[in-house]
Amino acid sequence: MTSTETTPSSPAEPPQGPAAVADRRRWFALAIVMTAAFMDLVDVTIVNIAIPSIRRDEGASFSQIQWITAGYALAFAAGLITGGRLGDIHGRKRLFLVGIGGFTIASALCGFAANPEMLVASRILQGGMAALMVPQVLSIVHATFPAHERGKVFGLFGAIVGLGAVSGPLLGALLTEWNLFGLEWRPIFLINLPVGVAALILGRRFISESKAPKALKLDLVGVALVTLGLLMLLYPLTRGRELGWPLWGYVSMGGAFLVFAALVAYERRKAARDGSPLVELSLFKVKSFAAGIAVQTVFGVGLGIFFLVWTLYMQDGLGWSPLRAGLTGVPFSIAVSAAAGMSVQLLVPRFGRKVLQAGALIMAAGVLLYIWESERYGLSIASWQMALPLVVMGAGMGFIVAPLTDAVLSEVPREHSGSASGLINTVQQMGNALGLGLVSVVFFGQIGDRLSPAQVGPAFVNGFQHALGWVAAVMVAIFLLMFALPKRPAQHVEGAEDTALGEQESADPAAGTPVSGSEPALLG
């Protein structure tokens, strides 16, 4: 990091030597931002496990259920880069506090939502506030901690991510199952209130302000075009089946590609005019980056399909309780964490790209095994019978997610690492939103609208198997796309963790936080 602007009471650079040891404030600041990151991670997984309960209690339609998750992902994706740049311009502490305050208010609105429409709107607001909060987390770390301490900090962050992966589904299951104060599913959102208020109060006291000295201008037109294009594509996908696939839906989806073409043309002109586009198009001249963006997008699509369909299959199809569904997913989360650590520390340094490709094939094998077991055991399948395919899938995912960002960024010019990291983050979230939109086609389209109680189980099992076939095809596509990645990620002079985590350089301070930003997509 280069020099930063700070408030008069906060040093521009953290003190070195004995003074750094004596400065305890930065560890309080770390605990606060890590708590916020954990709250965001858990919020995604905690909602997934409660979706069937929300649908039953609120009488939500299938498209509304999709938008409860897809709306969050879309708002999060559309605002990530802008949120990071706002932090660079106006101060990362300020934007972090605005984001966490807004996230807390949105959580309250979700918890007290009077109908499905209000819940969808509140989730979109929550995603937008997360887009202001999350990009500041690692920026604050970089501005607060000297380089020699960041390895320890990133290790703590990895532990938080792993804890969020395991605890989110279980916490969501327990809160839904306990029905605290007769509030049913609502405590999964209301639990954010005391955490958010505490983080807001303590953050004002302990987090030091920092800014980028040469922050780029905001590209609000680019953000508007991205959001409009995605809405024109996603809304017909989620509503089309219920409305009988009207003509306007096809026109809207076709028009979305024209909007994306306009985005490319506008970004090219803006780059030539003032050098501050939302999307740095020159990055796509780097073969490995272009392929990596495709991998991230397609991977997000596959995960968006799987996690929503999976929880509906277990609870609505098999009739399991939220707690049983949450416990069933624990082997998957553990396998992802274990394989991720193994891939980065042991396998990738020796085998390079082959580890990621093996992960795609292993995950595809786990999906096919899951389809086979679902067909064999039908409605009588047990949790322990799902453990093997889930462990195989989790291991494959772990081999992909941990080293992928560094592989994608390894040939990107150093001065564009922040912008590239932010773009990786954004496209995976967009892929996730697209996958959630496609659920209406690959899952709900197989079920039918009017089912007798006896038909529900078999219909959901059949829809689950059909959707998993699409997920397996996605994994094969990812395997093929990975041939364009470098055989071995380049070794960066200043440390792989800085590049992989999207350190924001003063020459290109776009917001990039792949760890905190991409994990929600990873987890559902």
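This report describes the salt bridges in a predicted model.

Side chains of opposite charge can pair when their charged atoms come close. With a salt bridge taken as a side-chain nitrogen of Lys or Arg within 4 Å of a carboxyl oxygen of Asp or Glu, the count comes to five.

| Salt bridge | N to O distance |
|---|---|
| Asp-316 and Arg-56 | 2.9 Å |
| Arg-186 and Glu-58 | 3.2 Å |
| Arg-92 and Asp-88 | 2.9 Å |

In the salt bridge of Asp-316 with Arg-56, the closest N and O atoms are 2.9 Å apart. This pair links distant parts of the chain, since Asp-316 belongs to helix 11 (residues 287–317) and Arg-56 to helix 2 (residues 25–58), 260 residues apart. Asp-316 has a relative accessibility of 12% and therefore counts as buried, the limit being under 20%. Arg-56 has a relative accessible area of 46%, so Arg-56 is partly exposed.

Arg-186 and Glu-58 also meet through their side chains, at 3.2 Å from N to O. Because Arg-186 lies in the loop between helix 6 (147–178) and helix 7 (187–190), while Glu-58 lies in helix 2, the pair ties together parts that are 128 residues apart in sequence. Arg-186 and Glu-58 are both buried.

The salt bridge between Arg-92 and Asp-88 has an N to O distance of 2.9 Å. Arg-92 is buried, as is Asp-88.

Technical notes:
Residues are numbered from 1 along each chain as its sequence is written. This is a predicted model: local features need pLDDT of at least 70, side-chain atom pairs count only at pLDDT 80 or more; totals for chains, interfaces and linings use all residues. Side-chain values use heavy atoms; hydrogens and water are left out. Helices (H or I, at least four residues) and strands (E, at least two) are DSSP runs, numbered from the N terminus. Buried means under 20% relative accessible area, exposed over 50%, partly exposed in between (1.4 Å probe, protein chains only).
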